[in-house]
Amino acid sequence: MSVPVTRRTILRRAWPVMLANASVPLLGLSDTAVIGNFGSLEALGAIAFGAIVFSFAYWSFGFLRMGTTGFVAQALGARNALEIRAALWRAVFLGTIIGCLLIILQYPLSSISISLLQGSVAVETLTHDYIHMRIWGAPAALALFALMGCLIGLGKSKTLLFVQILMNGLNVILDILFAGVLQMGVVGIALGTLIAEWITLSVALIVVIRALPDRNKFPLLPWEKLKDLKSLRQTLSVNRDIMIRTILMVASFAWFVRQSAQFGDDVLAANHILLQLISFSAFFLDAYAYIAEALVGEAMGAGDLQNFDQAMWRSTELAAGSSVLLAAIIWFAGDFFVALLNQHDAVRLAASEGLPLAALYVALAFAAFQLDGIFIGTTQTRQMRNASIMSVAVFLGASLVLTQAYQVTGLWAAFVIYVFARAVTLAAYLPALRLKLSQSQTTPVDSAGEPPGQ
């Protein structure tokens with residue numbers, strides 16, 4: 001019989017993920033702080049553009065993390081140790097291949113990306129330098145997505161904390177060294193990042209292999225499982241839908257940054273700083289979504305509707321409370337954080353004007369994050385894709401109308417509408433998902449994924 005999911009269980013598993021995720025926006029904040037205090041306004045804009053380019057390039061392949069979490073969690077619920085290994089290595093190999101392709105295609109990709117963002121000449125030149133240095137970490141970064149997805153699916157949140165802090169701790173130290181001490185500017189930021197990614201990949205491979213269940217009972221590389229065409233087609237189908245959803249979501253953030261640039265470098269830099277504050281909040285909220293992914297996926301694999309409901313509602317209650325708290329911090333202390341990150345008065349003024357709507361975005365964001373986690377954990381990715389298409393259409397329409405009427409305030413209002421639309425469109429699919437789980441039947445299996453006695 002399954003162990004009931006309690007709030008204490010969720011919090012115990014969530015706090016290491018919170019700390020791990022918090023180190024990610026701290027990296028972005030440190031990059032911004034180093035360039036904001038030692039570099040030019042153009043360099044700060046280049047960091048903003050570079051962050052968007054790599055968010056798009058990497059999170060377009062976010063299925064390497066998300067899909068792996070869902071497949072591993074469901075295999076864990078079904079006690080299928082071989083499928084856990086197969087899901088892991090499919091994603092690791094695929095991530096490495098994609099990373100190598102990104103290196104090969106770096107020049108056309110950077111040219112197209114920067115032409116779409118449309119910054120000043122100085123900002124675009126520095127962005128090119130940043131991209132062509134950092135891209136050499138792509139194979140490591142994408143393989144790490146798969147390893148982290150496996151850890152989340154296995155419920156190894158403390159191990160995930162170790163890996164994430166290692167990567168981002170190294171990144172911060174190296175960025176300060178190269179960009180601050182050695183005055184290498186945006187190239188130094190990129191160099192520090194790629195070195196940290198490769199070191200962390202080497203360590204993460206070791207800790208993930210040690211975390212696999214039945215480590216001494218089954219082969220590390222289950223070649224027969226890896227060659228299974230049915231499983232491979234299912235993996236590719238899920239990954240395709242997640243990729244479309246993620247590209248659309250990252251494109252929305254890119255559109256927000258692009259529209260910000262039309263109001264000048266000061267607004268571009270200000271909105272980049274506000275996005276860093278939102279990212280800081282988002283990674284805290286994502287901790288609950290990550291735990292929901294693992295718990296609902298495991299419940300799906302075990303055919304347990306009761307634990308599914310407990311995981312969904314109790315993680316969402318905790319996420320909602322945290323969301324309100326984080327929004328209040330941004331509203332009341334946002335000016336202080338902006339001042340810490342930037343020395344330009346025009347940027348500080350522009351950021352201050354956007355703080356209320358940035359806080360509102362955070363207050364509403366938990367619902368979209370939680371629903372993402374539920375549909376990722378159950379690998380119901382077609383619904384995620386369709387909801388993403390609808391919500392992006394709403395955002396683009398709202399941004400064109402509201403920006404024309406209310407300038408930067410209208411752009412932020414459209415951004416708030418977007419995160420609300422993400423939640424509404426996904427929630428519409430939730431009753432059908434619960435019905436599917438309630439009608440499912442499972443057969444007890446042993447750790448190799450075979451019915452007893454077979």
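Two residues are taken to be in contact when they have heavy atoms within 4.5 Å of each other. By that criterion, among contacts in the chain between residues at least 6 apart in sequence, 85% join residues at least 24 apart. The structure is a predicted model, in which local features need pLDDT of at least 70 and side-chain atom pairs count only at pLDDT 80 or more, while totals for chains, interfaces and linings use all residues. Residues are numbered from 1 along each chain as its sequence is written, and side-chain values rest on heavy atoms, with hydrogens and water left out.

The chain holds 16 helices and zero strands, where helices (H or I, at least four residues) and strands (E, at least two) are DSSP runs numbered from the N terminus. Its radius of gyration is 22 Å, close to the 22 Å that the globule rule gives for 454 residues, so the chain is as compact as a globular protein of that length. The radius is taken over C-alpha atoms, and the rule is 2.2 Å times the number of residues to the power 0.38. Along its principal axes, the C-alpha trace spans about 70 × 40 × 35 Å. Of the 454 residues, 56% count as buried (under 20% relative accessible area, with exposed over 50% and partly exposed in between, for a 1.4 Å probe and protein chains only).

Leaving aside neighbours within four places in sequence, Phe415 is in contact with Phe253, Phe256, Leu275, Ile278, Tyr361 and Phe395.

Attention now turns to open space. The second largest pocket contains about 560 Å³ and is lined by 24 residues, of which Val53, Phe56, Leu109, Ser113 and Leu116 lie nearest its centre. On a 1 Å grid over the protein atoms alone, a pocket is an open set of points with protein on both sides within 12 Å along at least five of seven lines, in contrast to a cavity, where a 1.4 Å probe fits but cannot get out; lining residues have an atom within 4 Å of a point. Grid points are joined across faces, edges and corners, and a volume is the space filled by probe spheres set on the points. Helices H2 (41-59), H4 (81-104), H5 (106-117) and H11 (229-261) each supply at least two lining residues, and H5 gives the most, with seven. By class, the lining has 19 nonpolar, four polar and one charged residues (Ala, Val, Leu, Ile, Met, Phe, Trp, Tyr, Cys and Pro being nonpolar, Asp, Glu, Lys and Arg charged, and the others, Gly among them, polar).

Ile103 lies in H4 and is buried, with a relative accessible area of 15%. Not counting residues up to four places away in sequence, Ile103 touches Ile135, Trp136 and Pro139.

Arg79, in the loop between helix H3 (63-77) and H4, has a positive phi of about 55° although it is not a glycine. Thr379, in the loop between H14 (345-377) and H15 (381-427), has a positive phi of about 50°. Arg79 is partly exposed, at 47% relative accessible area, whereas Thr379 is buried, at 12%.
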